[in-house]
Amino acid sequence: MSRHFASGPGLRSCIFSEKLNGSGYKYEVVVCITTGDIVWINGPFEAGRHDVTIFTENGLKDALCDDEGVEVDHGYQGDDKLKNPNISQSRKGRIEKSTVCSRHEN
């Protein structure tokens, strides 16, 4: 989830992000793990809105095919389509997932 700051008089408290200690907006951005292409962008959303709520209520979950999932960071939990980097059957799988997740942080 990308975050952008907003400032100015009269901003609503719902765009306040406690994590960032400031106001802002979130965007849901999905990158293909094979090509690095942006394949989905959605937003803006209020900074105080939880990432999983955005995923489940604003279209991305419904846009996925039955056999598709999304590699996510540790903040996402609670849906079978969300694939946490620590959940894997092997050490090699966990390392590969960690590598993929670290790419989107840069």
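Reply: **One side chain and its surroundings**

A polar atom in the side chain of lysine 83 lies 2.7 Å from the backbone oxygen of aspartate 80. This is a polar contact, that is, a pair of N or O atoms within 3.5 Å; within protein, one atom must be able to donate a hydrogen and the other to accept it, and residues adjacent in sequence count only if both atoms are side-chain atoms. The model is predicted, so local features need pLDDT of at least 70 and side-chain atom pairs count only at pLDDT 80 or more, while totals for chains, interfaces and linings use all residues. Residues are numbered from 1 along each chain as its sequence is written, and side-chain values use heavy atoms, with hydrogens and water left out.

Lysine 83 belongs to strand E6 (residues 82-83). Strands (E, at least two residues) and helices (H or I, at least four) are DSSP runs numbered from the N terminus. Lysine 83 counts as partly exposed because its relative accessibility is 33%; buried means under 20% relative accessible area, exposed means over 50%, and partly exposed lies in between (1.4 Å probe, protein chains only). Leaving aside residues up to four places away in sequence, lysine 83 touches Gly69, Val70, Glu71, Val72 and Lys97, where a contact means heavy atoms within 4.5 Å. The C-alpha atoms of lysine 83 and lysine 97 are 9.1 Å apart, although 14 residues separate the two in sequence.

The loop that leads towards strand E6 also takes part in a charged pair. The side chains of lysine 61 and aspartate 79 form a salt bridge, with 2.6 Å from N to O. Lysine 61 is in helix H2, whereas aspartate 79 is in the loop between strand E5 (70-71) and E6, so that the pair links distant parts of the chain, 18 residues apart. A salt bridge is a side-chain nitrogen of Lys or Arg within 4 Å of a carboxyl oxygen of Asp or Glu. Side chains of opposite charge can pair when their charged atoms come close. Lysine 61 is partly exposed, since its relative accessibility is 30%, while aspartate 79, at 14%, counts as buried.

A search of the whole structure finds 3 salt bridges. Another of them joins lysine 26 to aspartate 51, with the closest N and O atoms 2.7 Å apart. Because lysine 26 lies in strand E3 and aspartate 51 in helix H1, this pair ties together parts that are 25 residues apart in sequence. Both lysine 26 and aspartate 51 are buried. A further salt bridge connects arginine 49 with glutamate 57, at 3.2 Å between the closest N and O atoms. Arginine 49 is partly exposed, with a relative accessible area of 24%, and glutamate 57 counts as exposed at 56%.

The wider setting is as follows. The protein chain has 3 helices and 6 strands, which follow the pattern β-β-β-β-α-α-β-β-α along the sequence. Of its 106 residues, 29% count as buried. In strand E4 (residues 38-46) lies proline 44, and the peptide bond from glycine 43 to proline 44 is cis, with omega near 10°.
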